[in-house]
Amino acid sequence: MPRLRELGLAVGVGTPGAHNAITDVPGVQVGHTTLIDGDGPLVVGKGPVRTGVTVVKPVPGHTRATPLTAGTATLNGNGELTGLEWVRESGLLTTPIAITNTHSVGVVRDALVADDARQADGLYWSMPVVGETYDGILNDINGHHVTADHVHQALAAASDGPVPEGCVGGGTGMICHGFKGGIGTSSRMIGLSGDEYVVGVLVQANHGVRADLRVDGTPVGRVLGPDVVPVPALPQMMPAGSGSIIIVVATNAPLLPEQCRRLAWRGFVGLSRAGGGCSDSSGDIAIAFSTGAAGSVPPEYVVVTDGSWSLRYVPHQSLSPLFDAVSDATEEAILNAMLQARTTIGRDGVTAHALDPQVLRAGLDRIRRTE
């Protein structure tokens with residue numbers, strides 16, 4: 001399936017990196033473990049299974065040995081991203097970031113703790129960052145099918161280069177704007193004072209109402225109603241727009257923790273441009289980290305002989321291009337998540353239809369003819 005730019009469409013005016021992915025940020029790697037098994041009626045503990053885990057490794061080696069400046073933001077808190085209090089308190093990211101389904105956060109977190117301890121002899125505590133969105137519409141979420149082994153597999157599979165999107169990893173069972181959602185990514189190249197940096201975004205998109213969907217400002221969701229593409233039926237207890245999004249922002253621009261927090265907030269600009277961010281039942285949470293200062297912030301168990309270290313960072317007045325990049329890349333990542341997904345039949349025959357490129361094109365043309 002084509003990504004957004006392969007359809008001749010684009011978001012904003014910036015230039016993507018080589019892979020148009022978060023892995024365009026040097027050193028960042030992404031790995032998935034995808035779990036698909038069974039069909040038919042739900043039998044708790046047996047399936048159907050439509051879930052998984054996605055891992056973002058901010059550095060190739062042990063993250064704790066090379067802590068990164070980081071910041072977080074929450075637009076709506078009906079969701080979970082563990083470890084946020086320590087990121088807020090310290091301004092540092094010290095573990096990989098994992099994303100899974102709502103009821104598998106604990107096992108994924110524990111697996112990251114074990115991986116952290118394995119790499120650091122004598123490490124006495126770890127506070128991993130693990131996010132979630134709810135895949136119980138398609139998946140046997142109470143069957144707890146994600147295991148520690150699946151997390152270790154995702155870590156082992158993590159690599160740079162192109163990132164598989166759509167129905168993969170933690171995004172396997174997700175729904176976005178009434179279409180099949182999941183994992184999406186995008187990037188932008190930024191020039192500042194003669195230096196070139198990269199901003200990359202990865203999302204797990206599981207949010208939104210169909211009518212609110214926009215593509216680069218065009219309200220295409222208004223003409224792609226259930227009569228054009230069916231919308232999965234939600235349980236009565238779940239209002240329209242239920243679901244969540246986790247936004248991971250990475251850059252090699254050297255930033256202070258407060259500047260990372262400001263970047264994280266701009267992910268919600270992209271979310272709103274694509275038509276999300278207005279549901280009480282959505283957990284909209286973002287984290288941003290910078291690899292540009294890696295190595296200049298020593299871990300607590302490394303002795304700094306002179307008692308000090310230097311930190312180079314982008315001045316605040318130069319952040320606007322980075323804000324634009326985060327906003328545009330987030331919007332494009334959400335659209336890529338839907339375009340790269342495939343139609344999925346989950347528990348009890350519930351079907352989440354893919355966003356067909358031809359259907360999207362027809363909807364855009366229909367609206368533009370009336371403008």
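**Close-up views of a predicted model**

**View 1. Ala-98 stands opposite Val-130 in strand 6.** The structure shown here and in the following views is a predicted model. Strand 5 (residues 97-101) and strand 6 run parallel and are joined by 5 bridges. Both strands belong to an open sheet of 4 strands, which has the order 1-2-5-6 and mixed pairing. Strand 1 (29-37) and strand 6 (129-133) are the edge strands, each pairing on one side only. From one strand to the next, the twist averages 15°. Helix 2 (residues 105-119) packs on this sheet, where it touches strand 2 (49-57), strand 5 and strand 6. The direction of helix 2 makes about 160° with that of strand 6.

**View 2. Helix 3 (residues 148-157) lies across strand 1 and strand 2.** Helix 3 runs at about 140° to strand 1. His-150, Val-151, Ala-154 and Leu-155 of helix 3 are buried. These four residues lie on the same side of helix 3 because they cover an arc of only 140° around the axis. The buried residues of helix 3 pack against strand 1, strand 2 and helix 2. Asp-149 and Ala-156 are exposed, on the face of helix 3 turned away from its buried side.

**View 3. Strand 12 is mostly covered, with 9 of its 9 residues buried.** Ser-282, Asp-284, Ala-286, Ala-288 and Ser-290 point one way from strand 12, while Gly-283, Ile-285, Ile-287 and Phe-289 point the other way. Strand 3 (residues 68-77) pairs with strand 12 in the antiparallel sense over 8 bridges. In strand 12, Ala-286 has Ala-73 opposite it. Strand 11 pairs with strand 12 in the parallel sense over 9 bridges, and Val-248 stands opposite Ile-287 in strand 12. The chain passes from strand 11 through helix 4 to strand 12 in a right-handed β-α-β crossover.

**View 4. The largest nonpolar core has 50 residues.** Val-220, Leu-322 and Leu-360 have the most contacts inside this core. At least two core residues are supplied by each of several elements, including strand 9 (182-192), strand 10 (195-206), strand 11 (243-251), helix 4 (257-273) and strand 12 (282-290). Helix 5 (320-340) and helix 6 (357-370) also each supply at least two residues. The largest share, 11 residues, comes from helix 5. A second, separate core of 27 residues includes Val-59, Val-198, Ile-246 and Ile-285. In soluble globular proteins, nonpolar side chains tend to be buried together.

**View 5. Val-220 is in contact with Leu-360, Gly-363, Leu-364 and Ile-367, among other residues.** Leu-213, Arg-214 and Val-215 are also in contact with Val-220. This list leaves aside the neighbours of Val-220 within four places in sequence.

**View 6. His-177 is found in the loop between strand 7 (175-176) and strand 8 (179-180).** His-177 counts as buried because its relative accessibility is 0%. Residues up to four places away in sequence not being counted, His-177 touches His-207, Gly-208, Val-209, Arg-210, Asp-212 and Leu-213, among others. Ala-274, Gly-275, Gly-276 and Met-338 are also touched by His-177. Pro-48 is 129 residues from His-177 in sequence, and the two are 22 Å apart in space, C-alpha to C-alpha.

Conventions. Residues numbered from 1 in each chain as written. Predicted model: local features only at pLDDT ≥ 70, side-chain atom pairs only at ≥ 80, totals over all residues. Heavy atoms only, no water. Core = buried A, V, L, I, M, F, W, Y, C linked by side-chain atoms within 4.5 Å. Buried < 20%, exposed > 50% of the residue type's maximum accessible area, 1.4 Å probe, protein only. Contact = heavy atoms within 4.5 Å. Pairing = 2+ DSSP bridges. Axes fitted to C-alpha atoms, helices over the stretch in contact; angles between N-to-C directions. Right-handed = clockwise from strand over helix to strand, strands pointing away. Arc of directions from axis to C-beta.
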